[in-house]
Amino acid sequence: METNRLSAEMQDILISQMTKEAEAAQIYLALGIWADDQGYGGIANFLYRHAQEERNHMTKIMGYILERGGRPRIQAIAAPPADPQTLTECFQRVFKHEVDNTEAIYRIVNLAMEQKDWATWNFAQWFVKEQIEEEKLALELIDKLKIAGGDRASDESLFALDSSLESMPDDVPLAREATADDPK
């Protein structure tokens, strides 16, 4: 008896999203290492926390595939791109990555609607809400850096920005504890 409640196409797109989340974790980790090396410990800590959050997202998708009777697969991921040259470039990469991820989530939502896979559609809504928050956060990073003076910011402004990111809450909630109503 077949117990997989996901179509082959849906399982494949979810596995692709798992891979995208793993790649995102590596990108954030690489950006965090770059920031740490540049002396921005607070920014690095912020990026390290986001790397863990992306791994949590990967695990959440993996768990969903298993719950629906599917079999997740671990796929190879690409190496992160070369280091950014500036904080502006770093933060712009964060934003671009989040927009790309949002588009991938929308593809899952659209496929779920086409297939009338309401369980997956409902599951994907958590990620839709999460991406709204992630894009907003990335835009706020860009805005804060602009207010500080962009790439010509004074050392004092960059120190304040770095300190504000360092003082953000350090706990990344586990994806399995989040819900659509409380994405944490």
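**Salt bridges and helices**

Reply: Happy to. Let me begin with one side chain: K136 is exposed, with a relative accessible area of 52%. Keep in mind that this is a predicted model.

Me: Which side chain does K136 meet in a salt bridge?

Reply: K136 pairs with E140, and the N to O distance is 2.8 Å. E140 is partly exposed, at 30% relative accessible area.

Me: Where do K136 and E140 sit relative to each other?

Reply: Both are in helix α4, which covers residues 118–148, and they are four residues apart, so about one helical turn separates them. As a rule, an α-helix has 3.6 residues a turn, so residues three or four places apart point the same way.

Me: How many salt bridges does the structure hold?

Reply: There are four. One of them joins K96 and D100, again at 2.8 Å from N to O. Those two lie four residues apart in helix α3, about one turn of the helix.

Me: Is K96 buried or exposed? And what about D100?

Reply: K96 is exposed at 51% relative accessibility, while D100 is partly exposed at 31%.

Me: Which salt bridge links distant parts of the chain?

Reply: That would be D12 with R73, whose closest N and O atoms are 3.4 Å apart. The two residues are 61 residues apart: D12 belongs to helix α1 (residues 8–37), and R73 is in the loop between α2 (41–67) and α3. D12 is partly exposed, with a relative accessible area of 38%. R73 is partly exposed too, at 37%.

Me: Switching to helix lengths. What does α1 look like end to end?

Reply: α1 has 30 residues and reaches 43 Å from its first C-alpha to its last, close to the expected 44 Å. After α1 comes G39, which has a positive phi near 95 degrees.

Me: And how far does α2 reach?

Reply: α2, with 27 residues, reaches 39 Å between its first and last C-alpha, close to the 39 Å expected at 1.5 Å a residue. Just after α2, G69 has a positive phi of about 90 degrees.

Me: What about α3?

Reply: Helix α3 spans residues 87–115, which is 29 residues, and reaches 42 Å from first to last C-alpha, close to the 42 Å expected.

Me: What comes just after α3?

Reply: K116, with a positive phi of about 55 degrees. K116 takes that positive phi although it is not a glycine. K116 is found in the loop between α3 and α4 and is exposed, at 58% relative accessible area.

Me: Okay, now the inside. Which residues touch the most other members of the largest nonpolar core?

Reply: A35, I43, L47, L87, F91, V94 and L165, out of 24 residues in that core. Each of α1, α2, α3, α4 and α5 (155–166) supplies at least two residues of this core. α4 gives the most, with six residues.

Me: Where does the other core come in?

Reply: Another core lies apart from this one, with 18 residues that include M10, I65, I108 and V109.

Me: Which residues form the nonpolar patch on the surface?

Reply: M113, W118 and W121 form that patch, and together they have about 320 Å² of accessible area. W118 is in helix α4 and is partly exposed, at 49% relative accessibility.

Conventions:
Residues numbered from 1 in each chain as written. Predicted model: local features only at pLDDT ≥ 70, side-chain atom pairs only at ≥ 80, totals over all residues. Heavy atoms only, no water. Expected span 1.5 Å × (residues − 1). Buried < 20%, exposed > 50% of the residue type's maximum accessible area, 1.4 Å probe, protein only. Core = buried A, V, L, I, M, F, W, Y, C linked by side-chain atoms within 4.5 Å. Patch = residues over 30% accessible without salt bridge, like charges linked within 9 Å, V, L, I, M, F, W, Y side chains within 5 Å. Areas by Shrake-Rupley, 256 points an atom, 1.4 Å probe, with all protein chains shown as cover.
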